[in-house]
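Colleague: I am new to this structure and would like to learn how to read it. Could we take a few features in turn?

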Amino acid sequence: MAAHLSYGRVNLNILREAARKELREFLDKCAGSKAIVWDEYLTGPFGLIAQYSLLKEHEVEKMFTLKRGRLPSADVKNIIFFVRPRLELMDIIAENVFSEDKMHSSRDFHILFVPRRSMLCEQRLKEQGVLGSFINIDEYILDLIPYDGDLLSMEYESAFRECYLENDQTSLYHTAKGLMTLQALYGTIPQIYGKGECARHVANMMLRMKREFAGSQNQILPVFDTLLLLDRNVDLLTPLATQLTYEGLIDEIYGINNGYVKLPPEKFAQKKQGEASKDLPTEPKKLQLNSAEELYAEIRDKNFNAVGAALSKKAKIISAAFEERHNAKTVGEIKQFVSQLPHMQAARSSLANHTSIAELIKDITTSEAFFDNLTVEQEFMTGVDTDKVNTYIEDCIAQKDPLIKILRLVCMQSVCNNGLKQKVLDYYKREILQTYGYEHILTLNNLEKGGLLKLQTSSRNNYPTIRKTLKLWMEDANEQNPNDISYVYSGYAPLSIRLTQVLARPGWRSIEEVLKMLPGPHFEERQQLPAGLHKKRQQGENRTTLVFFLGGVTYAEIAALRFLSQMEDSGMEYIIATTKLINGTTWIKSLMDRPESQAP
Amino acid sequence: MLCCFSVSLTLCCFSVSLTLCCFSVSLTLCCFSVSLTLFFSLCFLYSKTELYDMCWSLKDGLRDSLVAAAPYGGPIALLREPHRRSPSSRPQLEIYSASGLSIASFPWKSGPVVQLGWTVSDELLCIQEDGSVLIYDLFGSFKRHFSMGQEVVQSQVVQAKVFHSPYGTGVAIVTGSSRFTLATNIDDLKLRRLPEVPGLQGAPSCWAVLTQDRQTKVLLSNGPDLYVVDNTSCTAVVPPGLSPQVGSIVHMCVSFSYKYLALFTDSGHLWTGSSNLQEKFSEVDTKVRTPPKQMVWCRRPKSQQPSVVCMWDRLLLVAGVCNDTIQFPVDDQCVCVGELDGVRIISSTHQELLQEVPLVCQDIFKIASMAPGALLLEAHREYEKSSQKADEYLREIKEQSMLGEAVRQCVEAAGHEYDTNTQKALLRAASFGKCFLTDFSPDSFVSTCRELRVLNAVREPSVGLPLTHTQFKQMTLQVLIDRLVYRQFYPLAIEICRFLKIPDYQGVSRVLKHWASCKVQQKDLSDEAIARAVCLKVGDSPGVSYSHIAAKAYECGRTELAIKLLDFEARSGEQVPLLLKMKRSQLALSKAVESGDTDLVYTVVSYLKNEMNRGDFFMTLRNQPVALSLYRQFCKLQEQDTLKDLFNQDDDHQELANYYVSASYREKVQSCDTPPAPCPVTEDEMKLLRFQRKLDDEKGAGLLGLSLQATMEALLALGLHKQAEQLYRDFKVPDKRYWWLKLKSLAEKEEWEELEKFSKSKKSPIGYLAFVEVCMKSHNKHEATKYVSKVTPEQKVKAHLAVGDLEGAADAAIERRNESEMAAVLSRCSASDRLLMDRLNRAKASTAKK
């Protein structure tokens with residue numbers, strides 16, 4: 001079921017199995033039939049750990065969404081709340097429990113806090129007078145969720161916002177805890193590198209936690225050689241740019257949520273003969289995207305311009321495989337052919353799906369608007385006219401294009417210019433407020449607080465220096481047969497990944513100057529391994545680095561890291577971990593404030 | 001027939017105590033020293049081993065004293081003359097180790113004591129006449145007390161017993177009004193008053209506590225009658241096979257395991273049977289009429305032949321199940337302590353262990369035994385003497401292929417032996433035999449060696465824990481270490497942990513933790529000195545919680561020391577609760593912040609909020625930015641008003657402004673609350689709002705709350721061009737945006753004349769391609785064409801294409817000699833435009849040539 005997790009360099013299925021085991025244990029603790037009341041936010045991440053069938057095996061008969069008022073009736077012995085430790089959820093739970101008591105039923109209540117129980121919440125339940133109603137109050141430590149064979153995500157959406165806007169480091173605490181769990185399963189990671197305030201904080205907490213566990217020495221041979229912690233605010237530029245890999249574009253256009261994408265159904269209509277084409281399906285088509293699908297694993301990280309060729313090549317292979325049947329003469333040959341059929345049919349339907357998706361995307365990428373937008377982005381990244389009001393942005397505002405698109409571009413200009421001049425900044429702000437409404441002043445303030453939008457304070461713009469030293473712009477990016485990570489943005493090499501690449505070779509010492517220009521400290525820590533666990537490396541054996549993006553990572557960045565892993569001479573394989581998979585749109589959205597939505 | 005012989009040996013090196021009984025045959029056992037007095041009871045041997053010469057010097061022996069000795073080599077408590085009540089000479093309560101070393105001694109100041117007893121965790125229970133039970137620790141310090149019920153104060157406790165059950169240590173009493181009260185576990189006190197026993201006046205003649213089927217019951221005799229009393233009922237019972245002529249029962253005892261019962265009648269008969277009164281084992285006529293002082297079961301686990309030890313002032317009698325008795329004269333008052341595998345007999349001068357000799361020891365040491373173990377022992381002895389007989393013996397064992405068995409016997413016997421030289425001899429023999437075996441697992445040999453070393457160490461009189469190997473196995477190493485720690489034998493405990501290679505967590509660390517907890521209670525040392533000593537010893541030992549030690553220090557009122565110790569604690573989460581308890585809230589806050597656990601920070605913050613006045617609370621938060629921002633988050637969700645105060649206090653104008661903005665939107669009453677020092681954009685917004693309100697009042701336009709752009713749009717849609725114009729000027733809207741807006745609006749309303757007028761009002765800041773495109777969007781090709789001519793040359797081709805004029809586009813492209821533009825036109829051509837395509841292709845070719 002989750003075999004794709006174990007194919008990679010590091011068998012992440014161990015982590016998933018550990019998480020499943022713990023879930024089973026908790027469920028068995030509540031004997032008898034059960035209903036789960038879900039904090040809606042958790043269902044997605046949980047889907048990556050356990051399907052409904054697992055819950056069913058443990059007598060979960062009903063599932064509800066947590067909402068105010070009375071719980072739906074269900075003839076079960078146990079009601080289990082799966083919730084994040086948040087006060088507002090506690091109030092809802094209290095309401096549920098109160099209205100339950102009136103019905104004189106004798107259902108047992110339990111709470112499972114994800115990822116950690118909280119004294120504050122329990123206190124709240126106590127104040128509400130319902131704490132005593134719960135038989136089990138437990139925590140389900142779900143920090144790092146295996147997302148794919150080389151990818152872990154905490155699915156913690158608000159991490160960046162909390163860290164940089166609200167100075168709330170809860171997510172970092174969970175990160176550190178998650179990394180400790182990971183080390184418990186995969187051995188102590190001997191080297192830790194990091195860049196950024198949050199990275200420093202996480203590393204500090206990890207070292208402290210290690211001291212707390214002193215004595216129970218981890219006797220597992222380390223799987224990871226290095227851990228690299230990167231703050232998202234070290235590289236604000238990359239997520240703002242439009243991703244140009246296949247997977248990146250799917251995410252940019254349709255949004256991938258917890259590994260699933262919802263697509264417009266028209267293209268996927270089953271064209272059966274004799275059926276009227278009128279009744280097109282209206283439900284969006286939901287597809288799971290991960291490396292379990294062979295074709296997807298092959299093309300997901302390609303630049304979109306190379307996807308077409310890959311698809312047609314694949315189509316040829318598949319049809320050739322089907323043609324084989326004509327060559328099958330003997331019974332044995334036919335038998336062999338038939339045995340391959342399921343696999344071939346799966347490949348064919350996979351190909352059909354991706355051809356449809358590629359068509360959908362192509363419609364958009366070939367549009368003028370997309371092209372214009374990309375041109376401006378690339379101008380900014382190459383440093384063209386970043387200090388003036390950009391006419392394209394102006395036009396977009398005048399045409400009332402979506403606000404997020406405007407914000408992405410303005411922020412990008414600000415980042416590429418190391419801040420905007422007062423005049424330019426004020427102009428953009430006025431334009432935005434006058435066009436989209438004054439309430440967005442809160443969002444603008446947030447963006448300023450997060451550093452995405454800022455006033456140029458020093459006269460020197462250091463972005464060009466960074467760009468040149470780290471070779472962030474490659475004029476001749478080869479999209480078909482890439483030789484550099486810059487292919488993922490058709491020219492722009494993500495800063496975060498360049499830092500990762502340089503760390504592996506020749507090392508950060510060579511770019512001290514640039515590191516100083518980027519925000520936050522950079523550091524290196526070593527964790528002592530117990531004697532006997534030092535790896536004896538085979539000749540030519542790759543080292544493994546876990547790269548942790550604090551505050552989110554884009555699919556294009558992941559693609560770039562996978563590209564580096566596959567490069568023959570890199571000598572390094574990368575496993576990626578993050579608080580959340582993001583793109584410019586979801587990222588900016590998480591930083592927006594809408595006064596209405598705050599109203600109680 | 002009592003077939004009994006005793007072996008007496010006197011070898012200089014051993015302190016051997018020999019008490020001979022019956023007829024004794026002196027033998028010089030060819031082998032070596034056995035410090036045993038053996039006697040046969042049919043096929044069972046009993047041995048009496050001297051454990052200690054007691055270190056104490058008791059003036060009056062054990063006479064007139066209440067004595068309680070705990071099993072498993074536990075401590076001995078002694079209360080001399082408990083009934084002496086004159087305040088001038090208070091009785092002395094003394095606590096000794098099993099070897100008689102004084103541990104504590106203090107005058108008894110409370111009321112008269114009926115009974116002393118030890119709990120499973122080596123705490124001393126003193127049951128007083130008035131029903132209160134006082135609990136002391138091993139060192140004589142008072143821990144707590146509880147009462148056996150109010151009614152007891154009146155009726156007084158007449159007799160009491162302390163008993164052990166799977167639930168812990170219990171207390172049973174019988175009052176002057178003949179009522180029993182039970183507490184099965186003193187740590188979880190639930191008093192149970194048992195039902196009345198018919199016809200019972202005063203105390204019963206004898207009674208015992210039974211634990212059966214998870215129930216605790218009392219068995220008692222009143223004259224000839226026997227009753228079992230449980231929670232609800234009192235049942236008369238008759239022991240099976242008890243002859244009616246034997247008279248009334250005057251003494252009874254149950255075995256260590258509550259499985260066996262012994263009853264002593266006034267005719268001198270001793271009845272033994274199962275404690276559920278289903279089975280009779282034997283009935284022995286002891287020929288002694290007086291009730292014994294003490295009666296204790298003596299058996300070892302799994303033995304089928306239990307026996308009972310009865311003690312009178314001058315006589316000790318062992319009665320087995322086979323009608324035989326062995327008698328020992330006793331010269332001194334003794335106390336018998338029932339153990340798991342025997343009986344300890346404590347007198348004022350020494351202490352002995354009476355037990356059934358384990359089968360394996362019998363096999364080896366029986367005279368002329370041919371058991372493989374015995375032969376192996378002999379073989380080894382011959383080997384030591386360099387005699388060839390060694391080989392003969394060995395051969396004999398090997399011929400029967402019993403060498404493995406021989407080794408096993410020697411190892412097992414060594415475990416049971418108390419004398420170190422015997423142990424050594426047996427182990428050496430085992431090791432010798434092992435040499436001739438190829439696949440014999442050394443585990444049992446090694447573990448026995450190790451365990452014996454530990455046992456010998458704790459048996460030392462200075463430690464005084466006379467444990468047998470069986471007892472040790474039963475109590476487990478963990479408990480042994482706990483007991484050593486409790487007795488403060490820290491170095492020995494650590495040595496044992498290290499010697500047995502117990503993981504630090506369960507071993508050394510645990511000992512250190514106890515040591516440190518004890519250390520912080522030393523009043524004569526300064527905080528500094530203790531903290532240093534603790535840190536030096538404990539260091540980073542895994543599993544030692546400094547916060548635990550600190551909590552102990554705080555309990556003893558040493559707050560400063562506690563804080564010093566907490567500094568060593570690595571886990572901040574552990575520090576915080578204690579710091580809060582000690583009212584070091586500031587420190588607690590900074591530790592919580594340090595831990596990174598935000599929930600912990602929230603916890604401290606909400607604690608502080610309740611503890612401090614608002615001003616101090618805010619000031620405290622100000623010094624902890626992390627806590628402050630968390631609190632702000634909390635307020636944002638829960639207490640908006642507090643949020644404002646917070647920002648006000650910090651003079652955070654930016655955040656304050658944000659607050660006002662979101663507050664005003666929330667209340668839907670706009671611009672009512674003027675934020676301090678509004679910035680230009682806010683002023684603009686207020687201006688806009690005023691304007692909107694005015695217009696809404698005048699024209700009912702419904703503009704309030706719209707953005708400026710939306711307002712202008714609405715105005716244009718309503719045809720209020722003048723007002724839109726006014727906004728455009730007042731708010732300095734850029735021309736471009738305004739033009740776009742007006743263009744779209746006019747096109748939407750299809751006011752084409754107005755649009756044309758507008759296009760001519762001045763040179764368009766957005767160019768004229770926009771006009772073409774917007775018109776086309778409204779499907780008005782005619783209007784669109786009007787503007788094509790005005791478009792700049794660069795956009796001409798696009799404009800022509802937009803209106804679908806391929807010819808025009810082609811002309812423009814060819815004129816501009818722009819290849820890509822030509823290609824763009826070409827791509828739009830269909831087959832019917834062949835002429836045009838040819839022209840373009842030609843032009844393209846010629847451009848390319850140049």
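Modeller: Start with A:Asp28, which sits in helix α1 (residues 13–29) of chain A. Helices (H or I, at least four residues) and strands (E, at least two) are DSSP runs, numbered from the N terminus. This is a predicted model, in which local features need pLDDT of at least 70 and side-chain atom pairs count only at pLDDT 80 or more, while totals for chains, interfaces and linings use all residues. Residues are numbered from 1 along each chain as its sequence is written, chains are lettered from A and ligands numbered from 1 in the order in which they are written, and side-chain values use heavy atoms, without hydrogens and water.

Colleague: Is A:Asp28 buried, exposed or partly exposed?

Modeller: Buried means under 20% relative accessible area, exposed over 50%, and partly exposed in between (1.4 Å probe, protein chains only). A:Asp28 is partly exposed, because its relative accessible area is 48%.

Colleague: What share of the 600 residues in chain A is buried?

Modeller: Buried residues account for 57% of them.

Colleague: Why is helix α18 of chain A called largely enclosed?

Modeller: Helix α18 covers residues 441–449, and seven of its nine residues are buried, so the rest of the structure largely encloses it. Among those buried are A:Ile441, A:Leu444 and A:Asn446. After α18(A) comes A:Gly451, with a positive phi near 85°.

Colleague: How many helices and strands does chain A have?

Modeller: Chain A has 24 helices and 15 strands. Its radius of gyration is 26 Å, close to the 25 Å from the globule rule for 600 residues, so chain A is as compact as a globular protein of that length. The radius is taken over C-alpha atoms, and the rule is 2.2 Å times the number of residues to the power 0.38. Along the principal axes, the C-alpha atoms of chain A fill a box of roughly 75 × 70 × 65 Å.
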